[in-house]
Amino acid sequence: MPQQPPDTDRTPPRASILDAALRIGLVAALAYTTFRIITPFMGMLLWAAILAVMLYPLHRRLAARLGNRWSALLIGLIGVVVTLVPIVVVVASLAETMMALVGQMQSHQLVLPPPPARLADLPLIGTRLSEAWALAATNAPAAFAKYRDALTGPATWVLSFARGLLAGEVTFVVSCALAGVLVAYGEGAAAFTRRLMQRITGSAERGTRLVTLTAATIRGVAIGVVGVATIQALLLGIGFFAIGLPAAGLLTLATLLLCIVQVPAMLLTLPVIGYVFATEATGTAVVFAVWTLVAGLSDNVLKPMMLGRGLEVPMPVILVGVIGGMISEGLIGLFVGPVLLAVAYVLLMEWLRQHPSEGAPPEAGNATAP
């Protein structure tokens, strides 16, 4: 039998391997450099993209009357103003509270009530905690000198948190301005995203479905969870500032955190109502209590209106997104974290629901099957 010539087509030449390695290396270097450049702005860009997806339906309605550019400019300006004013008020209140606390500690004018009688009955730490509280209530300078090393860590964390709030304020404002720019190019961005998902999935239909699902999830979580929590926290914050609470900014921020993780705001507002009744006139306290109760229950009305358009995402996913986002990105992560984690969860569930053979290439034996 004559020998068959060797199959040289299946053995790629060394030059082709080097060319492929060079291309992969250049693409990897470009991707790494690009990632390093945009990393400092990652949170800002993500929040701007989320805002753009959330506001794009409004932009389309406004663009039909005002035009594309004027609609985007109006959305950007209103977003900056609406974001800037509450954040400035809250951050200024937090800074004022911290400065007042530090000033009282430095001037030895900080007055604490005596420790509760039941505090000493707590196991393990009750006795020490009661003694430290009693010393701080009777002799604050001595308590500060004794526990200075233990207070260094919390004080450093408070200062870092304050700097993070200031950086978060700037990030929010810039993100709203960028969102106004992104909505102006919404059509092009949507087409690019569809092409990218089509290239990843290998199917135009599936790529379009994933893009639609992602946009619906972003709008559902951003409006139905983060949006409702923000409105509820603003309503409660108005009451805190109107009544003149000493730590109104801190209470508003704590309320926002509780509302985003779907914890009832009453856990925080009921003690505040009790404090107001103990320190203010009865008529003022009653008005504050009515306003606080109505604002605290407003999510029961807002959620069916706004969350009904979104998708169901388990609350543990939202909770992990809030905590992880705030730890990694600070204040901006409080909003970006739950949205991104919800999108990842929904896309994962969509992938798991996909049939194993869906979108797969036909087998060799069935290549001619209809």
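pLDDT is the predictor's confidence in each residue, from 0 to 100. This is a predicted model, in which local features need pLDDT of at least 70 and side-chain atom pairs count only at pLDDT 80 or more, while totals for chains, interfaces and linings use all residues. Residues are numbered from 1 along each chain as its sequence is written, and side-chain values use heavy atoms, with hydrogens and water left out.

**View 1. Confidence along the protein chain.** The protein chain has a mean pLDDT of 75, with 72% of its residues at 70 or more. Confidence is lowest in helix α5 (residues 140–146), with a mean of 67, and highest in helix α11 (residues 282–296), at 86. Contact means heavy atoms within 4.5 Å. Where pLDDT is low, the predicted coordinates should not be read in detail. Helices (H or I, at least four residues) are DSSP runs, numbered from the N terminus.

**View 2. Helices α8 and α9.** The axes of α8 (residues 204–243) and α9 (residues 248–260) come within 8 Å and cross at roughly 155 degrees. Axes are lines fitted to C-alpha atoms, for helices over the stretch in contact, and angles run from 0 to 180 degrees between N-to-C directions. The two helices α8 and α9 are therefore roughly antiparallel; angles over 145 degrees count as roughly antiparallel, under 35 as roughly parallel, 65 to 115 as roughly perpendicular and the rest as oblique. Their crossing is right-handed, that is, the near helix is turned clockwise from the far one by less than a right angle. Contact residues include V225, L236 and F241 of α8 and A248, L251 and I260 of α9. By class, this contact of α8 with α9 has 11 nonpolar, 6 polar and no charged residues. Ala, Val, Leu, Ile, Met, Phe, Trp, Tyr, Cys and Pro count as nonpolar, Asp, Glu, Lys and Arg as charged, and the others, Gly among them, as polar.

**View 3. Helices α7 and α8.** Helix α7 (residues 186–201) packs on α8 at about 125 degrees, with the axes 8 Å apart. The pair α7 and α8 is therefore oblique, and the crossing is right-handed. Among the residues in contact are R194 and M197 of α7 and R206 and L210 of α8. The contact of α7 with α8 has 4 nonpolar, 5 polar and 2 charged residues.

**View 4. Helices α8 and α11.** The axes of α8 and α11 come within 9 Å and cross at roughly 170 degrees, which makes α8 roughly antiparallel to α11. Residues including L235, F240 and I243 in α8 meet residues including F288, W291 and A295 in α11. The contact of α8 with α11 has 8 nonpolar, 5 polar and no charged residues.

**View 5. An aromatic pair.** The whole structure holds 1 aromatic pair. The ring centres of F240 and F288 lie 6.4 Å apart with planes at 45 degrees, so the pair is tilted. Rings of Phe, Tyr and Trp (its six-membered ring) pair if their centres lie within 6.5 Å; planes under 30 degrees apart count as stacked, over 60 as edge-to-face and the rest as tilted. F240 in α8 and F288 in α11 are 48 residues apart, and the pair links distant parts of the chain.
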